[in-house]
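Reader: I would like to learn how to read a protein structure, one feature at a time. Please start with the terms, then show me the case at hand.

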Amino acid sequence: MRIVSVDPFYVKVPQVSHAADGTQDSFLVRVRADNGLEGWGESDASPLVCLAAYCCPMSHGNIINITESLLGETLDSVADVARLHAKVLRNGLDIQQVHHAYAAADIALWDLLGKQLGQPVWRLLDGPQAVAHPKRPYASVLFGDTPEATREHAREIRAAGFDAAKFGWGPMGKFGRENDVALVRAAREGLGEEGLVLVDAGVVWGRDDATAYERACDFAPFRIGWLEEPFLGDAIDAYARLAARKPPVPIAGGEASGCYRNAEDYLLNAGVSFIQIDAGRIGGISPAHRVRKLAEERGVTYVNHTFKSHLSVAASIHVFAAVDRFRLLEYPTAGSPLAQALTERPLGRGADGLVRAPDAPGLGVTVNLDTVKKYLHPVKIELAARTIFRQPVP
Ligand SMILES: [Mg+2]
């Protein structure tokens, strides 16, 4: 089939706040083929910056936009997805945002190819012999503003049937050691003795491995499953120093990886136990799958990072569905009305509480066009009185 349109969409809720909640807006890409099929993907990145990578006029031979690279191309095989990925990166060699921006299109191409070949994406990735293993979803939420609010939130999560939850960002690391410990204690009390409690420090200790180590020791009695992102995304040096101190809880990180090479750096040099990859940031399903393969080689556990809609949850689960020992799935349970209604149905939990990668062709979820229309923020870009981008019709 031939690619006949590449359509970016900027959607957002009416009022965007300062909360570390990436579901308030989104960048979607629809790719259509000449046989009438279409695929959809979502980036977890600044939507308008991404949009520029799809429509900026050619600057020179190393700055050619993504749309131009894809239009008219053929897409019939897994090799074509890899070829187009390489072409887009080569043409956009000097576009720093190209990986983030292309993530949505790469995901859309996998969705489209799966529909054409009648196969779920996980089988295209791992071959006809692959088996999709169910994943244990952990509810992913922000810490409450206070320990009391966090305890209440944890109770609600438990009442909703989750036995695993991650609490992150918000007040963690901002109001002193006692408050940090009180937050984690509240999460444990609210979720119960048996639940899996995960803590996301939200990069709050910068490069300060001494404080991170101290908190890891403080949190260990609450039997947390991991301490996530104690440092800034590029602080591989701090991760390595923390690993050398041998903290009493596993360390997780990697969601900031904006390209394959960043994730490789985590796997080779950071000493993390869990590598967390956002397919919507690293450049799509293709590089996320490469990272998963390297994680398998290195004995590090691969986990998705997903704090978007169920379009992104679906894209994420296909990447590691075929690996039995990678059991945990980040599963956003809250989020804006936009994120919650972006797919016609969520990627739901089974009667056993587990989440399964769909067997349907492509990603196996359907974008709700009414939601796209409702939250669409129409964009028109003019340059020297010439329109270089006009929002397509959803
Ligand atoms: Mg995180």
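Author: We start with burial: a residue is buried under 20% relative accessible area, exposed over 50%, and partly exposed in between, with a 1.4 Å probe and protein chains only. Glu229 has 2% relative accessibility, so it counts as buried. The model is predicted, so local features need pLDDT of at least 70 and side-chain atom pairs count only at pLDDT 80 or more, while totals for chains, interfaces and linings use all residues. Residues are numbered from 1 along each chain as its sequence is written, and side-chain values use heavy atoms, with hydrogens and water left out.

Reader: Where is Glu229 placed?

Author: Helices (H or I, at least four residues) and strands (E, at least two) are DSSP runs, numbered from the N terminus. Glu229 sits in the loop between E7 and helix H9 (236-244).

Reader: What is phi of Glu229 near?

Author: Most residues other than glycine have a negative phi, and most peptide bonds are trans. In Glu229, phi is near 40°, a positive value in a residue other than glycine. Lys246 is another case, with phi near 55°. Lys246 lies in the loop between H9 and strand E8 (251-253).

Reader: Is Lys246 buried or exposed?

Author: Lys246 counts as exposed, because its relative accessibility is 66%.

Reader: How do I read a sheet?

Author: Strands of a sheet pair through backbone hydrogen bonds, either parallel or antiparallel.

Reader: How many bridges join E1 and strand E2?

Author: E1 and strand E2 (residues 25-33) pair over nine bridges, in the antiparallel sense. Val6 has Val31 in E2 as its bridge partner, and Ile3 stands opposite Ala33 in E2.

Reader: What about E2 and E3?

Author: E2 and E3 pair over six bridges, again in the antiparallel sense. Arg32 has Glu38 in E3 as its bridge partner. E2 and E3 form a hairpin with four residues between them, and Gly36 in the turn has a positive phi of about 90°.

Reader: Which residues does Asp80 touch?

Author: Asp80 is in helix H3 (residues 78-91). Leaving out residues up to four places away in sequence, Asp80 touches Thr74 and Leu75. Asp80 counts as buried because its relative accessibility is 12%.

Reader: What are the protein donors of the magnesium ion?

Author: Donors are N, O and S atoms within 2.8 Å of the metal (3.2 Å for Na, K and Ca); water is not among the atoms, so sites may look incomplete. The protein donors of the magnesium ion are Asp200 (OD), Glu228 (OE) and Glu255 (OE), at 2.0 to 2.2 Å from it. Along the chain these donors follow the spacing D-x27-E-x26-E. Asp200 lies in strand E6 (residues 196-200) and Glu228 in strand E7 (residues 224-228), so the pair ties together parts that are 28 residues apart in sequence. Asp200 is buried, with a relative accessible area of 4%, and Glu228 counts as buried at 0% relative accessibility.

Reader: How do I describe the whole protein?

Author: The secondary structure comes to 15 helices and 13 strands. The radius of gyration is taken over C-alpha atoms, and the globule rule is 2.2 Å times the number of residues to the power 0.38. The protein has a radius of gyration of 21 Å, close to the 21 Å that the rule gives for 394 residues, so it is as compact as a globular protein of that length. Buried residues make up 57% of the 394 residues.

Terms used. Pairing = 2+ DSSP bridges. Contact = heavy atoms within 4.5 Å.
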